[in-house]
Amino acid sequence: MALYTKAAEILEKVQRKEGAVKTLVYDSKFRNIKQLFALVCETQKYSSVLQKIIESTKLLKQTKLKLNLAMVLVYDLVMGRGLKCGGNWKVVMMKHRSRLQAELARIKIRHKVSRNQDLLPAGTQYPEADQLPRYVRVNTLRTTVEDAVDYLKREGFFYLGQAYILDNLNLKAKAFVRDIHLPDLLVFSPKTDFHDHFLYKAGHIILQDKASCLPAHLLNPPLGSHVIDACAAPGNKTSHLAAIMKNKGNLFAFDLDAKRLSTMATLLLRAGVTCQHLANQDFLKVDFGDPRYKDVEYILLDPSCSGSGMVCLREDAASCDKEKEQRRLASLASFQLLCLNHALKFPRLQRLVYSTCSIHTQENEEVVSACLQENPSFRLVHVMPQWPERGLQPLSQCLRASTTKTLTHGFFVALLERCTEGESQNQEQTVPQLQPKSDAL
């Protein structure tokens, strides 16, 4: 049963954006990594089909199982090679096997297919995850980019130098390049695996998607500064901020989830971060008047979002309950705006980066536009003019990222900066406004 409980736990962590599947699987220290990774990936791939089977048979009500655990068990029972456990759960699942198999058969008949793989939606995005480059951020608290490159060359990797155009990131075999936009980022072919590599285990490299590196890179706090990472776990952005600050200054990191914060503490220790002050606290309840934060001038805000930009979390639009999804997006956007407004109340704040791994306008441009209307003393900064994908008009100062235009997961980043007094009066008259949109891009 350990296999299934661990797989369910990893699925839940992925849904909470605690990390990529492969990283979470390898960090789990499970005795059979390949078996666990295969089960999680296959369950994730067929999640929409598995949920339909579970809902139609009322399995959760009859067994009291939680959804993720039910999905991994149902996958192996009716789509995989059979359950790999004994005991009570096997007895329970075997009682329902005939009904579960019958429901899978009915779904195939309705779709006029005979194979399980033919049930996958035509627009499924899972293959994209295997086609994106492997991005590796060099942790400059532990080493230098030059030393990391030399080490990898001695291991048989072929260094092709600095990339200049997006096509340079389409790599094969053991070739790698230095990224076009981010100086501490190395780029490898899609299936290059570093989870068992010395540099990863020693904290010299961080496995982090390029788009996820943008927030800390754009905030760029100077040495000695006081910085807040508002919704910090799992900690990759926090470690990136610490590297930019060279561990000089104070980095306050908040997260409401104690388990995520504990995992983050381990990650930061491995990365050599020493300037952090971790707090198991809701950022919305952090007192902006607290003397501890009187010198905070930089905030990175990456709040909870739909995760719709993460390739592994994308849903089949045809099977999605649109009304339910719109309610969820409205709730998330309301929370995100609350966080953004709260962050801007810190008295000495000068710069703030707002980011999401969402493709939805409601969580991105609409949130920023509403915030600017309520906070005329802040303005948008036009960042990275050379970046190939911009925010939707009129918020082209912001960045977007996607699998097609930037070869990354979907992402959104905005940089806000406090205006001077004269700029503030002008800003109040020229705040960009969007017409609300309900559809994902």
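Modeller: In helix H6, the buried residues are Asn68, Leu69, Ala70, Met71, Val72, Leu73, Val74, Tyr75, Asp76, Leu77, Val78 and Met79, where buried means under 20% relative accessible area, exposed means over 50%, and partly exposed lies in between (1.4 Å probe, protein chains only). Helices here are DSSP runs of H or I with at least four residues and strands are runs of E with at least two, both numbered from the N terminus. This is a predicted model, in which local features need pLDDT of at least 70 and side-chain atom pairs count only at pLDDT 80 or more, while totals for chains, interfaces and linings use all residues. Residues are numbered from 1 along each chain as its sequence is written, and side-chain values use heavy atoms, with hydrogens and water left out.

Because twelve of its 13 residues are buried, H6 is largely enclosed by the rest of the structure. The buried residues of H6 pack against helix H1 (2–15), helix H3 (33–45), helix H4 (47–57), helix H5 (59–63) and helix H7 (87–111). H6 itself covers residues 67–79 and reaches 17 Å from its first C-alpha to its last, close to the 18 Å expected at 1.5 Å a residue, the expected span being 1.5 Å times one less than the number of residues.

Cys41 falls within the range given for H3, and this cysteine is partly exposed, with a relative accessible area of 25%. Cys398, by contrast, counts as buried at 0% relative accessibility, yet its sulfur is 11 Å from the closest cysteine sulfur, in Cys371, which is too far for a bond. A search of the whole structure finds zero disulfides, a disulfide being a pair of cysteine sulfur atoms within 2.5 Å.

Elsewhere, five strands form an open sheet with mixed pairing, in the order S2-S3-S4-S1-S5; strands pair if DSSP finds at least two bridges between them. Its edge strands, S2 (158–162) and S5 (205–207), each pair on one side only. S2 runs parallel to S3 (residues 175–178), joined by three bridges, and Tyr159 has Phe176 in S3 as its bridge partner.

As for confidence, the chain averages a pLDDT of 89, with 91% of the residues scoring at least 70, pLDDT being the predictor's confidence in each residue from 0 to 100. Over residues 123–127 the pLDDT is below 50, and this stretch has seven contacts in the model beyond near neighbours in sequence, a contact meaning heavy atoms within 4.5 Å.
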